[in-house]
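Student: I've just opened this one and I'm new to it. Give me a tour, starting with the open spaces.

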Amino acid sequence: MLIADSIQKRYPTRGDDLVILRSVSLKMAPGDSIAVMGPSGCGKSTLLNILGTLDQPSGGNLTIDESDPFSMSEPELARFRNRRIGFVFQDHHLMPQCSALENVLLPTLVSDDGGDGLARARDLLDAVGLAERVDHMPAELSGGERQRVAVARALINRPAVVLADEPTGNLDRTTGESVGALLAGLPGRQDVILIVVTHSERLARRFDRIFDLADGALNSR
Ligand code: ADP
Ligand code: MG
């Protein structure tokens with residue numbers, strides 16, 4: 001389960017605090033998927049970064065799999081994030097000097113994966129349609145293929161939560177559609193909590209529920 005309770009994010013300024021997230025509450029179970037929409041600057045990435053434990057909230061509570069990530073020590077939190085959370089960003093964030101297969105394997109280098117990482121990475125690249133591209137470098141892949149590698153990498157440690165921040169934002173419409181379809185049909189989807197930030201209504205409709213982030217809170221459509 002992922003439970004966000006009254007999450008706030010404020011930035012101090014010389015005058016009043018800048019309030020980005022006023023009160024965000026959300027409860028999701030494995031297999032649940034949502035889209036988060038809203039205009040540029042409304043706080044979508046801020047919210048995703050907090051749910052992904054990359055950024056600290058100013059108030060409220062986050063529980064993932066019955067753990068409070070923000071009460072953990074830095075090394076505990078890093079380990080928790082590596083094992084429990086998968087990220088897909090707008091830019092693929094692949095390592096340019098590593099092949100597709102090596103990029104998918106990177107998160108397993110710091111998590112003791114029990115030794116099945118290599119077989120699993122190959123299976124995931126197969127599942128995202130890149131069986132013939134495992135040894136390609138990122139520069140040798142198209143934009144859509146790079147995002148597919150990023151999706152496989154996000155899944156390699158069997159995360160409880162997958163967070164995607166405008167994953168099709170840099171792709172043309174057709175390529176975006178196919179990466180969107182891939183996300184909506186993630187391998188192991190029934191075990192994963194999936195949160196996708198997008199400006200695309202078409203992509204948003206692929207998920208269970210659509211929320212608008214407005215005035216620092218999530219409103220269900
Ligand atoms: P979105 O992803 O919806 O486009 P963001 O979450 O990136 O929006 O940003 C939300 C708001 O938070 C923006 O107005 C941005 O300027 C502000 N913001 C982000 N980081 C900081 C920071 N470190 N200090 C002050 N304001 C910030
Ligand atoms: Mg953003």
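Tutor: First, the terms: on a 1 Å grid over the protein atoms alone, a pocket is an open set of points with protein on both sides within 12 Å along at least five of seven lines, while a cavity is a set where a 1.4 Å probe fits but cannot get out; lining residues have an atom within 4 Å of a point. Also, this is a predicted model, where local features need pLDDT of at least 70 and side-chain atom pairs pLDDT 80 or more, while totals for chains, interfaces and linings use all residues. Residues are numbered from 1 along each chain as written, chains are lettered from A and ligands numbered from 1 in the order written, and side-chain values use heavy atoms, without hydrogens or water.

Student: OK, which residues lie nearest the centre of the largest pocket?

Tutor: Look for I85, F87, F89, P107 and R153, which belong to a lining of 17 residues. The pocket's volume is about 360 Å³, counted as the space filled by probe spheres set on grid points joined across faces, edges and corners.

Student: Which elements supply at least two residues of that lining?

Tutor: Those are α2, β5, α3 and α5. The names come from DSSP runs numbered from the N terminus: helices are H or I with at least four residues, strands are E with at least two. Helix α2 has the largest share of the lining, four residues.

Student: And what's the lining like by class?

Tutor: Ten nonpolar, four polar and three charged residues. Here Ala, Val, Leu, Ile, Met, Phe, Trp, Tyr, Cys and Pro count as nonpolar, Asp, Glu, Lys and Arg as charged, and the others, Gly among them, as polar.

Student: What about the second largest pocket, how is that one lined by class?

Tutor: Its lining has three nonpolar, seven polar and six charged residues. The volume there is about 220 Å³. Sixteen residues line it, and T168, R173, G176, S200 and L203 are the closest to its centre. Helices α6 and α7 are the elements that give two or more residues, and α6 gives the most, with four.

Student: Switching topic: how many cavities of 30 Å³ or more are there?

Tutor: A search of the whole structure turns up one. The largest cavity holds about 40 Å³ of space.

Student: Which residues line the largest cavity?

Tutor: L48, N49, F87, V88, F89, L163, A164 and D165. Strand β6 gives the most to that lining, three residues, and α1 (44–51) and β5 (85–88) are among the elements that supply at least two.

Student: Now the inside. Which residues have the most contacts in the largest nonpolar core?

Tutor: L125, V149, V151, L186 and F207, in a core of 35 residues. A nonpolar core is a set of buried Ala, Val, Leu, Ile, Met, Phe, Trp, Tyr and Cys residues joined through side-chain atoms within 4.5 Å. Buried means under 20% relative accessible area, exposed over 50%, and partly exposed in between (1.4 Å probe, protein chains only). Elements that each supply at least two core residues include β3 (33–37), α4 (117–127) and α6 (173–184). The largest share, six residues, comes from α5.

Student: Pick V149: what is V149 in contact with?

Tutor: Setting aside neighbours within four places in sequence, V149 is in contact with L94, A100, N103, V104, L125, L130 and L141. Contact here means heavy atoms within 4.5 Å.

Student: A100 and V104 look like part of a helix. How many residues of α3 are buried?

Tutor: Seven of its ten, so it's mostly covered. Both A100 and V104 are among those buried, along with residues such as L101 and P107. The cover includes α2 (74–84), α4 and α5.

Student: What about the strands: in which sense do β1 and β2 pair?

Tutor: Antiparallel, over seven bridges between residues 2–11 and 18–28. Two strands pair if DSSP finds at least two bridges between them. R10 has V19 as its bridge partner in β2, and the two strands form a hairpin with six residues between them. Strand β1 also runs antiparallel to β4 (residues 59–64), joined by five bridges, with A4 opposite L62.

Student: Last one: what is phi of S6 near?

Tutor: About S6 in strand β1: its phi is near 55 degrees, positive in a residue other than glycine. Most residues other than glycine have a negative phi. S6 counts as partly exposed, at 29% relative accessibility. D65 also has a positive phi, about 50 degrees, and is found in the loop between β4 and α2.
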